[in-house]
Structures are given as structure tokens and as C-alpha cells.
There are 2 protein chains.
Amino acid sequence: MAVTLKEVAERAGVSRSAVSRTFTDGASVSAKMRRKVEKAARDLGYSPNALASSLTTGRTKLIGLVSDNFHNPIFLEVFDLFTRGLQDRGLRPLLVNLTEEKNPENSVRMLKQYSVDGVVVASSTLPTEFARAFRDAGVPVVHSFGRSAAALQVHVVGVDNVECGRMAARELVARGHTHVAFLGGPDTATSTQDRYTGFMSEMAAHPKIKTTYSFADAYSFYAGRREMLRLLKNTPAQAYFCGDDVLSIGAVSAIRDSGLSCPNDVGVIGMNDMEMARWESNDLTTIHQPIREIVTSSIELMVAMLDEPDRYPEARIFPLSVVERGTLIPRIK
Amino acid sequence: MAVTLKEVAERAGVSRSAVSRTFTDGASVSAKMRRKVEKAARDLGYSPNALASSLTTGRTKLIGLVSDNFHNPIFLEVFDLFTRGLQDRGLRPLLVNLTEEKNPENSVRMLKQYSVDGVVVASSTLPTEFARAFRDAGVPVVHSFGRSAAALQVHVVGVDNVECGRMAARELVARGHTHVAFLGGPDTATSTQDRYTGFMSEMAAHPKIKTTYSFADAYSFYAGRREMLRLLKNTPAQAYFCGDDVLSIGAVSAIRDSGLSCPNDVGVIGMNDMEMARWESNDLTTIHQPIREIVTSSIELMVAMLDEPDRYPEARIFPLSVVERGTLIPRIK
DNA sequence: GAAATTTTTGCAACCGGTTGCAAACGGGTG
DNA sequence: CACCCGTTTGCAACCGGTTGCAAAAATTTC
């Protein structure tokens, strides 16, 4: 079917090695030879078989892009950034959907079978064992949007979710509220756990402010809406830190549909600052997570690891910032 | 690094062929042999190299998943369905982001280099030349969400966008409006062109109803909002068919922010019925596109083509249906 | 229990490339 | 022109598997 090296060699009247060399840069070929080979290759429409060469070189330029987050629109932005960034560096993303996959075994095996050069785990909800499983299989791993444990086992790029929780708490405190609350995503997600910890630790410094918390069962609109509707049946807090923008939008819809004003009766601050948060119809006050920078940095780290697989693991933590919009009353003073 | 067939063979004290055979189903191996080999393989942690075997079998189980639509949240649903569907059949999606790519050459070459078994082009905006370019390269192609031309060149799975335009027109007519309009996405997208054609052809049967049209420059919130704000400066139509849900949500936000009521002063009907359309905060009347069925069918078609590459091209067209929600006044009568 | 038949196994060539090594080449010196 | 040295080229082995073929083993038949 496809044109092979051998055919090109025959047509150009040279050895197979010569053809191979003209297509690997850094190899020694004379100008004359190169011209002959390129002509023959062009005539035949030859392009080298990347998989065959990977057999000897040990590199496939395939990168496993593993995620379990196919429902939160922010991940479309993430996939866009990852695919383009990888492509620009000549790497090919092999997408793995881990939704409903409770253990990493299968994916590890599959990615090993395809000899990926590295794996990017892009998820804030997957337990750290997943990333570790890939590392244990001897594959370079970057965990984007992951948790940076003290005893770092794999490279992590993301934000400090504990600090995120604190930051949200400080924002709510700065509004002068007397009752604030944490409305997290599923409490199995590491990001939720950390934000909860941060939120609570900051609030511990303000014992006079009543602080409550609860968890929605997913990072989704309906989970947020449902949980907020439930909360509104009793005495709700004056403002909520929701663990995610989509969740927040659901919560806001619950507040408004209950005949309450969103910033005035019940405030909401989200997390992520996805594109949709900016839409005038949502106008969500939220904490900005620099996803572009996180993705870019993850890719750079991945590229570096391809040359230096045993690189000492590092955590790259990016700063967060509050984006003030219309779902939280202004700071006092 | 990785364990090879040869090592397993040595440890089990058998030939390499024997090992190969126990890992290819349908091959002849005795139960005793199988046990020996599997034991050795397990001890060594062996798993066969899919790329090496592809060299002789000519199959990689790699499927190029090509798209240029990384900004419309509905495509996250599409990617979710595709990746899971392909995985379930033992196929691996190699994701290609065609954003900003004006010609197919590079991607065709790249996918050929990786010897993909097939290509799924998932886009309603890419010109048909892209799909054709892959077919010309001798790779099985399915164009999902594509246009089904009369002279079909590649397999297409999707909806009839001309009919979609007609259906929207009929809905607006049924409301008794005297001025309706088409607000399309970019007029370079084939889906927009077809919906425009259908809309106009249906309205031609109602000469007493004023019909106008315009195009937003993307399938995006801001494009929709911007265009609608512009339209509202003059005499707007009583109801608009917007070429996409995200566009619609932008248009609705423009209407409401201008102090007008959305169903009563200016109505909107969208297209796609993405998850977000259902959210109470949007409550968008729209035309449902059965993406789950389209994706499933695309995958089935792809699988069929792997066995029969020269299959005669077919178009699989799925029916649309109107989902009535809150952005269009009720039908009269 | 021998012959005929079927199943299992190993050999060796092959898939499409890469690469270490040594031979061939080219050009500069003396 | 012989000699030397740096480049360029081809040979052949190898990467990790698969597979047609024939020999070996197991099973069936009489």
C-alpha cells in the first residue's frame, strides 16, 4: 500500500541506509545524495513510517493524554491547549478517557503497548495513584491540575488548592458576612478536599463568623443547583464558595429561581474562571485559574522529561487571583 | 527497558512463535503451552508491543480523531462519546486539532506516518475537502456532522441541515410571527449554508411574512451577542433562528440586557440541544441534534470500514426534533 | 499396534525502518 | 604520484513482533 524506504532506495539507485539518513537529521549525507533521494521520494510520494522507526529509536512521539473530566467545559479549553501545544512540538496526543475507570491498570497497559514517550494526566479529580501508576510503569508523567503532595512522587503542575480555599474565605470575610459557607464538589476529588481544608483553616481565624459546609456530588450544574435548593430550605449562608464555575452557575440559578437576589441575598464565588463565567448572562465572580500557563508549563516539563526521564520531581504552582464580577457584593470599606 | 517476546520465550523454554501465538487470538496453541507461556509472561510483566506487531499485521488500531471545533462545549460531549466508544472497541483515538489549519496536507501526512487505520473527521464547519483529502490518501474516513453532498465521496453521518433550516422556519411560522429571521454562524461553515438554504426555501412559501437574515462571525457567545445587539438597534425580527445554542445564548443575553423580554418581544430558537440549553438559567428552545446516535453510528461505520475499506459511501442522516422551552412563545391555535 | 489424520510447534523470512562498522571515496600534502 | 585523513556510503545486524511452511507430536481410525 504505502511507499517504503526500499522502493525509494531502488528508484534512486542507492542503499536503504542512504535513504534513511536523508530523512533523519544530523546524519551524514552529501548534498548530491540528498538531492537524488529527495527526488525519488517526491516522485513516489514517500513519507517515513513513524512507527517502524520507533522500533529502533525507542521514541514514538506519542504522548498519552489521560483525563476523566469530559463534562466540564473548561476541559475543552484544556484539550485545545494541550493538543495544539503538543502538535507544535511534533508530539501526538493519544487521548484516554478514564471516565468510569476506577483503577489505572488497563490504561497503563494500553499506553505501554503503544510505547508512549510520556503521559500527561490532566485532572483535578483523579486520585494521585493514577499518576503514580504510570510512573511506576517507567513512563515520564506530568500530572496537570493535580495535587502537590509533600512527598512528591511525580511532576505536578497546577495551583495550590489549599491556598485557593483560603483566598476564597478571605474574600468572603472581606465582605463583612456573618455566615459564610463552603459548597464543594465531590469530596473524593483531591482538589475539593484541599480547598475545603484551606477554607476552613482560614475561617478558623474568624470564630465569630458562622461557617458551614456541604458537598455536591459532582462538578456539574445540576449538582450545584440541587444542593443549593436544599440549602435554601433552611437558613442559607450569606455567601458561598463553590468549588467550580459550573457548580456555581447551578447554585446561582437555584438562588434566583427561589426569588432571591444573587449578590444581595446570597452571594457566590466560583473557581476556575472558565470562559462562560465571563458571559454577561452569568457574570460570575470567581477565582481565576491560569489554565493556559498550566498547560504550557506542563508541556514544557514533559518535553524536558523526554530528554531526562529521571529528572527529580518538581511541583510548579501558579498563583490564583480573584476576578470580581456580579455574584458577590463589593468588599466593605 | 520493556520485556520482549524473546525474553518470555526463553523463560518459558519455547519458541518465539509460540509466545506470539498465545497472544494472538485464533492462533493454534495447546492448553499446556498457553499455560507455560502465560506464566512466564506474568512473571516478567510482559505485554506485547502493539506498534511492532502493527508492522506485520498492517493494523495499528489507531484512529485519527480530527476536529477544528475546540470552543463549542457540545464538542466536549462529542469527544467524550467518541473516546469512550472507540476505546470500548479496542481502538485508540489520536487527536488532531485542526484549529487554524487551512489545508489538510500536514495532518494527512502526519496520520499516514502513524499508519492510522482510519480517520474520523468530527466537524460541521470543516470544508468537505478535508475529509476527501484523507480518503485520497487511502485511509477509511467517516465525516461526522458533515454535509451529505449529492455526489457523496466519503461516508457522512449527521443531520440534514437543509431540513433543519426548514424545520426552524416552520416553527417560527407556527407562532404567527410577521417578521422572522435567520441568524447564522460563519457563512463559511457548510452547516450554516445549508440551514440558511432550508430556512429561506421554507419561508419562500410564506411571502407575507417578512424574512431577514445575517451571519455572526463564529459559533460563539460573543459573536451571537454582538450580532444581536447590532440587530436590536434597528427593527428586530420577532423571532430568530440561531445557528447554534451557544450563539443563541449570546443572542438571548443581548435581548434581555436591552430590556426586552426574550420570548415575548424577541424569540429565539437554537440548534443542537446541548446540555447547557436545558439549564434553567438558559431554558433555551432549540432543535435537538442526536449527537449520541451520530457518534455511535459513526463508530460503527468506522469499524465496518476497517474490514471493508472500499465500502460504497453512504450518508447516515438522523432526524431532528424541536425541544420547546422558554425562548419562543407557544404555537398559536 | 501401525497407518492416517489432525493439531501443535519451531524455523526462518519478513514488516519498515536505524545504526555501528568498515570499505570506498575525495581532496589536500609533500 | 603516493600517502594521509576526514566524509560519505553500503553491508548487515537489529528493533519486536507475525506467519507460511514443514517437521514433530498427538489423536483418531481400522
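Tutor: Two residues are in contact if their C-beta atoms, placed from the backbone, lie within 7 Å. This is a predicted model, in which local features need pLDDT of at least 70, side-chain atom pairs count only at pLDDT 80 or more, and totals for chains, interfaces and linings use all residues. Residues are numbered from 1 along each chain as its sequence is written, while chains are lettered from A and ligands numbered from 1 in the order in which they are written.

Student: Which residues in helix 3 of chain A meet helix 1 of chain A?

Tutor: Helices (H or I, at least four residues) and strands (E, at least two) are DSSP runs, numbered from the N terminus. On the side of helix 1 of chain A, the contact uses Glu7(A), Val8(A), Arg11(A) and Ala12(A). Their partners in helix 3 of chain A are Lys36(A), Val37(A), Ala40(A), Ala41(A), Asp43(A) and Leu44(A).

Student: How many residues of that contact of helix 1 with helix 3 of chain A are charged?

Tutor: Ala, Val, Leu, Ile, Met, Phe, Trp, Tyr, Cys and Pro count as nonpolar, Asp, Glu, Lys and Arg as charged, and the others, Gly among them, as polar. In the contact of helix 1 of chain A with helix 3 of chain A, six residues are nonpolar, no residue is polar, and the number of charged residues is four.
The two axes come within 9 Å of each other and cross at roughly 120 degrees, and that makes helix 1 of chain A oblique to helix 3 of chain A. The count of charged residues in this contact remains four.

Student: At roughly what angle do the axes of helix 10 and helix 11 of chain A cross?

Tutor: Axes are lines fitted to C-alpha atoms, for helices over the stretch in contact, and angles run from 0 to 180 degrees between N-to-C directions. Angles under 35 degrees count as roughly parallel, over 145 as roughly antiparallel, 65 to 115 as roughly perpendicular and the rest as oblique. Helix 10 (residues 221-233) of chain A is oblique to helix 11 (residues 245-257) of chain A. Their axes come within 7 Å, and the crossing angle is roughly 40 degrees.

Student: How many residues of the contact of helix 10 with helix 11 of chain A are nonpolar?

Tutor: Helix 10 of chain A brings residues including Phe221(A), Met228(A) and Leu232(A), and helix 11 of chain A brings residues including Val246(A), Gly250(A) and Ile255(A). Four residues of the contact are polar and one is charged, while the number of nonpolar residues is twelve.

Student: By what turn can chain B be laid on chain A?

Tutor: Copies are superposed by least squares on the C-alpha atoms of residues with pLDDT of at least 70 in both. The RMSD is 0.1 Å, with a shift of 0.1 Å along the axis and a turn of 180 degrees. The two copies are thus related as by a rotation axis that is two-fold.

Student: Which helix of chain B gives the most to the side that touches chain A?

Tutor: 39 residues of chain B are in contact with 39 residues of chain A. Among the elements giving two or more residues to that side of chain B are strand 2 (92-97) and helix 6 (105-113). With seven residues, the most is given by helix 5 of chain B.

Student: Which residues come nearest to DNA strand D?

Tutor: A residue is near a strand if its C-beta atom, placed from the backbone, lies within 6 Å of it. The surface near DNA strand D has ten nonpolar, 13 polar and four charged residues. Of the 27 residues around DNA strand D, the nearest are Met33(A), Leu5(B), Ser17(B), Ser20(B) and Ser53(B).
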